[in-house]
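Visitor: Please take a close look at the aromatic side chains in this protein. I would like to know how the rings pair up and what surrounds them.

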Amino acid sequence: MEEEPVAPDTATRRSKRTRAEVRQADFTRTDRIEDELEDEREESSDEFQQPRPKAKRNRLNEGASTSAAASRKADLSLIDVIKGDGKEIPEVVKRWVEHYERNQKSAMAELLTMLFEACGAKYSILEENIEETDVDDVVVALVNMAKRGEVEDYQSSKRGFKNFKENLVYFWDNLVSECQNGPLFDQSLFDRCLDYIIALSCTPPRSYRQIASLMGLQLVTSFVNVAKILGPQRETTQRQLDAEKKKNIEGPRVESLTKRLSMTHEKITTLEEMMRKIFTGLFVHRYRDIDPDIRMSCIESLGVWVLSYPSLFLQDLYLKYLGWTLNDKSSAVRKISVLALQNLYEVDANVPSLNLFTQRFYRRMLELADDIDISVSVCAIGLVKQLLRHELVPDEELGSFYDLLIDDPPEVRRAIGALVHDHLIAQKFNNSQSHSTGSDSDSPEVHINRMLKILKEFSADPILSSYVIDDIWDYMGAMKDWKCIIRMLLADNPSAELDDVDATNLIRLFFSSVRKAVGERIVPATDNRNPHHTKAQKEMFENSKRDITVAMMKTYPQLLRKFMPDKDKVAPLVGIIPHMNLELYSLKRQEQNFRAVLKLIREAFFKHGEKDNLRACVKAIKFCSSESQGELQDFAQNQIKDLEDDLVAKLKSAMKDVMNGGDEYSLLVNLKRLHELQLLHKVPLDSLYQDLVHILKSFRNIDDEVVSFLFLNMFVHISWCLHSILSSETVSEASLSSLLGKRDALLEELDYFLRNSFQLHSESRSKTQLAYWVCGILADTWCLFKRAKFSMTKLEILGYSPDVTVIEKYWRMCEQLLDVSDDAEDEEDEENREYTEETNADTVMFALAKLVATDTVAKEHLAPEVISHLGKYGASVTEIVKHLITLLKKKGDISNILLEALKRAYQRYLAAISSGDDETSSKQFQECKSLAARLSGPYVGAARNKYKAEILNIVREGISFAFSEAPKQLSFLDGAMLPFVSKLPPSDILDIMKGVERRTENVKTDEDPSGWRAYYTFLDTLREKYLKNEAAKVADGKEGTTVRRRGRPRKQQTLQGKRLFDDQSSSEDEDPISGSDQDVDAEDKEEEDELLIHSLRASSKLRSLRVSKSQTRTVDSSLAAEDLATPKTSGASS
């Protein structure tokens, strides 16, 4: 059995008709050998390779099986081969070409039949009618078949044809390759195929356009491949002819070369004419087709043509389509266009021909870097890199471009980071600068200095600096050159020494780079998931820790001594220690440097009082005490004890000064130090706790910030004491008594703060800051000692539950804090930025939500108040309340809580009316309506049925509340109840409507028309909703014959009665079924008219159920109350 032919590694001699090659991975001939030797065409065709010896086999059986297989393959039609796996395509194409050479009409009929069947139409042309058949008549018949639904879509109707497109492309590519030495240039075969393909590409049925466009675009690609082979042959022949003419010898050689050159040139001209025919007849219409897949195929193919055959396509006549599609509404098309341009600019030889195109479209390329689609943005940034490489973009155009360094999508930031590194740091795109500075331009110091110039633009905000560092870190090797960074920081040469801003930025860069090297994130992630690292990554992180430690061992004390006086540099410099491998200090015999580092950190702890510096020092010392080895660990632990003793001594001295009328600053700073130390380490404060309480009681006029840190330290100390009791096996009475005494003392002082009411709007910002702390400390203390936690245990005595009066005072303070204006919060942040995360509206709402969620406080006390402020104080506060509502729903029925929240919001509106403030009352009423809409929003879909009882309860009790003081509170119906009523099925809406009407029996509503206006508005709205639901119900089950379709109505296919293939026809005219906005609007209007008809029919049913106003005044009111109390629940739910 013969082996399947394979593509040779070198150029082989070919006969008059080339042998089909094996199918390639991308189903194209782009990798065909282009440098075939000219003398191959001259050699005798009777030179054959020696046949390979074959093994002896049973020739009878082999012949029988081979003939049977050949018979089966011969029986397959062309379309059947394309529908298959595609392996037989080269052999089938070869047989078809042989058939064409024997009988052109029969083979042409077979090929055209395959073309029509590929489009999905079972249509054929008789071979005797090939010459007489008009293309337009055939295509009109095919369109009519599509209108009748007699077309099969191979791409979407059957999964078994998922490779159909690839096989079809492969077939045409093989056909062109097989015909390149014969039928390709007979001006009959492919001219006729092109006529049908172009005509079908301009028809309304989308499946026709898709398949015809696919075939036409591939034909151009295949023609390009053949032209690329003929081009070098033409050049070789021209050189040979020129050489012969120089000899001034006329003879058969010159005549043969002249004839061969003329034939080759004629073939190339024929190919280019066919390419232009497809381009003008197919591409110029389909590149703006309504189907984005067709548009994408066109632009993708054009990019391949321009890149593969620039002699024809690399000109503005064709390039403009790539520029125009940069504005395509489909992100996929924009991305394909950008990628095509990126490939063009990568070839340096193309750039001169792209100058005019670049001037016209480069601004749009820059704009695409901020495209709404992230993938387009990333590709556009890569395109801009190519423009910068060729110096085609002015630097002044890139100002806003670099703002994307701090953009949200990390993919965009990374792409911009790569561009910034290549353009500004490595300066790969600026040849003049890179060569002028010599070899030093690539040194790490030069790169870091350029990076510092960039960071200087963001020096005012360390967070933005972190974003910039994160973007560029992966591409800038100098950031991992620890020795270089340390050398620059310790430089004593005035010419090389950094200024203060650059030194600060370099230390921040050093700290951020260290964190990145050990696998930490330096900017918030888009998702909150912990990163997962592979074993290889973990090993790499450990190696980085080792390298950092080795580089820092001897120089760390020098760095700390040099930069310790600067508060902006201490925190990032000290923060490097937790990312080091402390074992190396013992292995490398660097114990002395380790001790020096700890002493310097302890010195820095008492030298500075800022939160970041204190927190970094405490974290570093704790890390050293736990991760170091042997004597070094003992030394670190002793340092912590000494630090505790020194701090307590300083605190006692500062308190004594305050008692003697001295300054409070020393006390405040040392309280901050104690607070930061206690957050990570338990400090024995038994002897100091009573002194803290004494300061609070004896000096009521002490600074509010001092009071805040007194409260904080007392609370943290109590938390440590409780932790010790809970974690110990035996608990002494003395420890319990001591803890209770400390807790009661703290609660007493916090209660004093609550009892002394004040208006936060009129007080100082420090008072507001203190209120934030009190809010959080009280909530945490109540949660820690929640009575339910300790009940029925040996520690039941520790349980605590606040009184209702205390909870009310607590809520009033929290409400005032929530009402603090944004401007006041901004001013407060300017004054004390250190603790803004712990003192803002989010922390207040979080404290309230925690009390409710943990059942520390009864839900009935705080939950309605908290929920009534949903959506009032910004997005972050709203999210906290939403999570609380979700949690409460999981625990049970919360309809009463939701109703009470609506009442609280409505009561604020009534209070505003009583005060006579019309503007405030209007605002409060809108807030009430917004709250009702938000609370009813989750009751959609299946939740409407699941929580139907809760909705009914809210509506029933809400109506009773509205009528409890009618007509004063009737606006509650419109403001709070309507969103919930709309979630009920029609039968329940009807019951509610009847019950509401009965409530006004024997009531003279005419005496106060304005007061009862809300009542009538509510009734009218209920009737409208019921009418709408009934209309939809009638439409869904109209006469029981049809089922109403969901979504957009089906479009009516229309075919215009003109010739379909005029040269001036546009895609808009050619695609009437493509779904214009006018068609959609007309269909929507028809649907609305249909619903209106059903509504009119349903209104007759509703009239019989209505109760007139005159009748409502004569029916017994007791019946109304009974009906509303027990509403009907039968009927279909919506």
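Guide: Start with the term. Rings of Phe, Tyr and Trp (for Trp, its six-membered ring) pair if their centres lie within 6.5 Å; planes under 30 degrees apart count as stacked, over 60 as edge-to-face and the rest as tilted. The structure holds 32 aromatic pairs.

Take one of them. The ring centres of Phe283 and Tyr321 are 5.4 Å apart and their planes stand at 85°, so this pair is edge-to-face. It links distant parts of the chain: Phe283 belongs to helix α9 (residues 252–286) and Tyr321 to helix α12 (residues 316–324), 38 residues apart. Helices here are DSSP runs (H or I, at least four residues), strands likewise (E, at least two), numbered from the N terminus. Both Phe283 and Tyr321 are buried. Buried means under 20% relative accessible area, exposed over 50%, and partly exposed in between (1.4 Å probe, protein chains only).

A second pair is tilted, because the rings of Trp482 and Phe510 have centres 6.1 Å apart and planes at 35°. This pair also links distant parts of the chain: Trp482 lies in helix α20 (residues 482–489), Phe510 in helix α21 (residues 500–517), 28 residues apart. Trp482 counts as buried at 8% relative accessibility. Phe510 counts as buried at 0%.

Some rings group together. Phe283 and Tyr321 belong to one aromatic cluster, together with Phe279, Tyr287, Trp305, Phe313, Tyr318 and Trp324.

Now the caveats. This is a predicted model, in which local features need pLDDT of at least 70 and side-chain atom pairs count only at pLDDT 80 or more, while totals for chains, interfaces and linings use all residues. Residues are numbered from 1 along each chain as its sequence is written, and side-chain values use heavy atoms, with hydrogens and water left out.

Rings also meet charges. A charge sits over a ring if NZ of Lys or CZ of Arg is within 6 Å of the ring centre and within 35 degrees of the ring normal. The charged end of Lys742 sits over the ring of Tyr689, 5.6 Å from its centre. Likewise, the charged end of Arg743 sits over the ring of Phe785, 5.2 Å from its centre.

The largest one has 334 residues, and Trp172, Phe190 and Tyr810 touch the most other members. Contact means heavy atoms within 4.5 Å. Leaving aside neighbours within four places in sequence, Trp172 is in contact with Leu111, Met114, Leu115, Phe190, Cys193, Met215, Gln218, Leu219 and Ser222.

Next, a polar site. Asp328 is found in the loop between α12 and α13 (331–346). Asp328 is buried, with a relative accessible area of 12%. Its side chain makes a polar contact with the side chain of Arg295 (2.8 Å). A polar contact is a pair of N or O atoms within 3.5 Å; within protein, one must be able to donate a hydrogen and the other to accept it, and residues adjacent in sequence count only if both atoms are side-chain atoms. A polar atom of the Asp328 side chain also lies 2.8 Å from the backbone nitrogen of Ser330.

The protein has 50 helices and zero strands. Buried residues make up 49% of its 1134 residues.

Technical notes. Core = buried A, V, L, I, M, F, W, Y, C linked by side-chain atoms within 4.5 Å.
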